[in-house]
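Try each task before reading its solution.

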Amino acid sequence: MVILALVLAVLAAALHCYIWWLESFVWTTRARAVFGTTRQQAEATRELAFNQGFYNLFLALIAVAGVAFWGAGQDGIGAALLLAGTGSMLAAALLLFVTSPDKRRAAITQGFLPLLAVGAAIAALVLG
(Lines give C-alpha, C1' and ligand atoms only; values in the text may rest on other atoms or scores of the structure.)
Protein backbone atom coordinates (compact mmCIF):
# COMPACT_ATOMS: atom_id res chain seq x y z
CA MET A 1 0.00 0.00 0.00
CA VAL A 2 2.95 2.32 0.65
CA ILE A 3 4.19 1.93 -2.92
CA LEU A 4 0.71 2.78 -4.23
CA ALA A 5 0.60 5.92 -2.04
CA LEU A 6 4.04 6.98 -3.28
CA VAL A 7 3.16 6.46 -6.94
CA LEU A 8 -0.14 8.31 -6.60
CA ALA A 9 1.56 11.20 -4.79
CA VAL A 10 4.14 11.49 -7.59
CA LEU A 11 1.34 11.52 -10.18
CA ALA A 12 -0.54 14.19 -8.22
CA ALA A 13 2.67 16.22 -7.97
CA ALA A 14 3.27 15.88 -11.71
CA LEU A 15 -0.24 17.17 -12.44
CA HIS A 16 0.34 20.14 -10.14
CA CYS A 17 3.67 20.88 -11.84
CA TYR A 18 1.78 20.95 -15.14
CA ILE A 19 -0.74 23.38 -13.60
CA TRP A 20 2.20 25.48 -12.32
CA TRP A 21 3.59 25.67 -15.84
CA LEU A 22 0.20 26.63 -17.27
CA GLU A 23 -0.52 29.30 -14.68
CA SER A 24 2.96 30.75 -14.35
CA PHE A 25 4.42 30.63 -17.84
CA VAL A 26 1.78 30.22 -20.56
CA TRP A 27 -1.21 31.84 -18.87
CA THR A 28 -1.84 34.35 -21.67
CA THR A 29 -1.19 31.88 -24.50
CA ARG A 30 -1.71 28.11 -24.32
CA ALA A 31 -3.43 28.14 -20.92
CA ARG A 32 -6.25 30.27 -22.28
CA ALA A 33 -7.62 27.28 -24.17
CA VAL A 34 -7.25 25.00 -21.13
CA PHE A 35 -8.96 27.42 -18.73
CA GLY A 36 -11.37 28.97 -21.23
CA THR A 37 -10.31 32.57 -20.71
CA THR A 38 -10.25 35.46 -23.14
CA ARG A 39 -7.10 37.42 -23.92
CA GLN A 40 -8.41 40.28 -21.77
CA GLN A 41 -9.19 38.01 -18.81
CA ALA A 42 -5.78 36.37 -19.05
CA GLU A 43 -3.97 39.70 -19.15
CA ALA A 44 -6.00 41.04 -16.23
CA THR A 45 -5.27 38.00 -14.08
CA ARG A 46 -1.68 37.33 -15.16
CA GLU A 47 -0.05 38.26 -11.84
CA LEU A 48 -2.60 36.33 -9.79
CA ALA A 49 -2.20 33.25 -11.96
CA PHE A 50 1.60 33.47 -11.73
CA ASN A 51 1.41 33.49 -7.94
CA GLN A 52 -1.21 30.73 -7.84
CA GLY A 53 0.93 28.60 -10.11
CA PHE A 54 3.74 28.69 -7.59
CA TYR A 55 1.37 27.53 -4.85
CA ASN A 56 0.75 24.46 -7.01
CA LEU A 57 4.49 23.95 -7.43
CA PHE A 58 5.13 24.20 -3.69
CA LEU A 59 2.43 21.64 -2.93
CA ALA A 60 3.99 19.32 -5.49
CA LEU A 61 7.43 19.78 -3.93
CA ILE A 62 6.08 19.00 -0.45
CA ALA A 63 4.45 15.81 -1.75
CA VAL A 64 7.65 14.77 -3.58
CA ALA A 65 9.70 15.43 -0.45
CA GLY A 66 7.30 13.14 1.40
CA VAL A 67 7.78 10.47 -1.23
CA ALA A 68 11.56 10.79 -0.95
CA PHE A 69 11.60 10.58 2.85
CA TRP A 70 9.09 7.72 3.01
CA GLY A 71 10.91 5.87 0.27
CA ALA A 72 14.18 6.30 2.19
CA GLY A 73 12.70 4.67 5.28
CA GLN A 74 11.84 7.84 7.19
CA ASP A 75 8.20 6.80 7.48
CA GLY A 76 7.00 9.46 9.93
CA ILE A 77 8.34 12.55 8.22
CA GLY A 78 7.64 11.05 4.80
CA ALA A 79 4.01 10.34 5.61
CA ALA A 80 3.58 13.77 7.21
CA LEU A 81 4.97 15.59 4.17
CA LEU A 82 3.13 13.40 1.68
CA LEU A 83 -0.16 13.96 3.50
CA ALA A 84 0.48 17.70 3.89
CA GLY A 85 1.14 18.10 0.17
CA THR A 86 -1.56 15.85 -1.21
CA GLY A 87 -4.02 16.80 1.54
CA SER A 88 -3.61 20.48 0.64
CA MET A 89 -4.11 19.66 -3.03
CA LEU A 90 -7.30 17.81 -2.12
CA ALA A 91 -8.51 20.64 0.13
CA ALA A 92 -7.99 23.17 -2.67
CA ALA A 93 -9.90 20.96 -5.10
CA LEU A 94 -12.77 20.58 -2.62
CA LEU A 95 -12.91 24.33 -2.12
CA LEU A 96 -13.03 24.87 -5.87
CA PHE A 97 -15.75 22.23 -6.20
CA VAL A 98 -17.92 23.83 -3.52
CA THR A 99 -17.43 27.49 -4.41
CA SER A 100 -17.35 27.38 -8.21
CA PRO A 101 -20.02 25.10 -9.67
CA ASP A 102 -18.92 25.98 -13.21
CA LYS A 103 -15.44 24.62 -12.41
CA ARG A 104 -16.45 21.31 -10.88
CA ARG A 105 -14.90 19.26 -13.68
CA ALA A 106 -11.56 21.02 -13.09
CA ALA A 107 -11.91 20.45 -9.35
CA ILE A 108 -12.46 16.73 -9.88
CA THR A 109 -9.48 16.55 -12.23
CA GLN A 110 -7.31 18.46 -9.76
CA GLY A 111 -8.45 16.48 -6.73
CA PHE A 112 -8.77 12.89 -7.94
CA LEU A 113 -5.11 11.81 -7.69
CA PRO A 114 -4.57 13.59 -4.35
CA LEU A 115 -7.70 11.88 -2.99
CA LEU A 116 -6.36 8.48 -4.00
CA ALA A 117 -2.90 9.31 -2.60
CA VAL A 118 -4.34 10.43 0.74
CA GLY A 119 -6.51 7.32 0.94
CA ALA A 120 -3.62 4.99 0.10
CA ALA A 121 -1.28 6.74 2.56
CA ILE A 122 -3.80 6.52 5.39
CA ALA A 123 -4.46 2.87 4.57
CA ALA A 124 -0.70 2.18 4.57
CA LEU A 125 -0.32 3.82 7.96
CA VAL A 126 -3.32 2.05 9.49
CA LEU A 127 -2.55 -1.35 8.04
CA GLY A 128 1.15 -1.04 8.81
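This is a predicted model.

**Exercise 1. Find the helix that holds Phe 25, and decide whether Phe 25 is buried, partly exposed or exposed.**

Solution. Start with the location: Phe 25 belongs to helix H1. Next, take its relative accessible area, which is 48%. Buried means under 20% and exposed means over 50%. Phe 25 therefore counts as partly exposed, with its 48% lying in between.

**Exercise 2. Work out which residues make the nonpolar surface patch, and which element gives the most to it.**

Solution. Begin with the members: Tyr 18, Trp 21, Phe 25, Val 34, Phe 35 and Phe 50 form a patch of about 560 Å². Then sort by element: H1 and helix H2 (30-35) are the ones that give two or more residues. Finally, H1 gives the most, with 3 residues.

**Exercise 3. Compare the span of helix H4 with the expected one, then say what covers its buried residues.**

Solution. Helix H4 runs over residues 46-71, which makes 26 residues. From first C-alpha to last, H4 reaches 37 Å, close to the 38 Å expected at 1.5 Å a residue. Now look at its buried residues, among them Ala 49, Gly 53, Leu 57, Ala 63, Val 67 and Trp 70. Their cover includes helix H1 (2-25), helix H5 (75-99) and helix H6 (104-127). Past the end of the helix, check the backbone too: H4 is followed by Gly 73, which has a positive phi near 95 degrees.

**Exercise 4. List the residues of the largest nonpolar core and the elements that give two or more residues to it.**

Solution. The core has 12 residues: Ala 5, Leu 6, Leu 8, Ala 9, Val 67, Trp 70, Ala 79, Leu 82, Ala 117, Ala 120, Ala 121 and Ala 124. Two or more residues come from each of H1, H4, H5 and H6. For a closer look, pick Leu 6: leaving out residues up to four places away in sequence, Leu 6 touches Val 67, Trp 70, Gly 71 and Leu 82.

**Exercise 5. Is Leu 125 buried or partly exposed, and which residues beyond its sequence neighbours does Leu 125 contact?**

Solution. Leu 125 sits in helix H6. Its relative accessibility is 44%, so Leu 125 is partly exposed. Setting aside neighbours within four places in sequence, Leu 125 is in contact with Trp 70, Ala 79 and Leu 83.

Methods: Residues numbered from 1 in each chain as written. Predicted model: local features only at pLDDT ≥ 70, side-chain atom pairs only at ≥ 80, totals over all residues. Heavy atoms only, no water. Helix = DSSP H or I, 4+ residues; strand = E, 2+ residues; numbered from the N terminus. Expected span 1.5 Å × (residues − 1). Buried < 20%, exposed > 50% of the residue type's maximum accessible area, 1.4 Å probe, protein only. Contact = heavy atoms within 4.5 Å. Core = buried A, V, L, I, M, F, W, Y, C linked by side-chain atoms within 4.5 Å. Patch = residues over 30% accessible without salt bridge, like charges linked within 9 Å, V, L, I, M, F, W, Y side chains within 5 Å. Areas by Shrake-Rupley, 256 points an atom, 1.4 Å probe, with all protein chains shown as cover. Salt bridge = Lys/Arg side-chain N within 4 Å of Asp/Glu carboxyl O.
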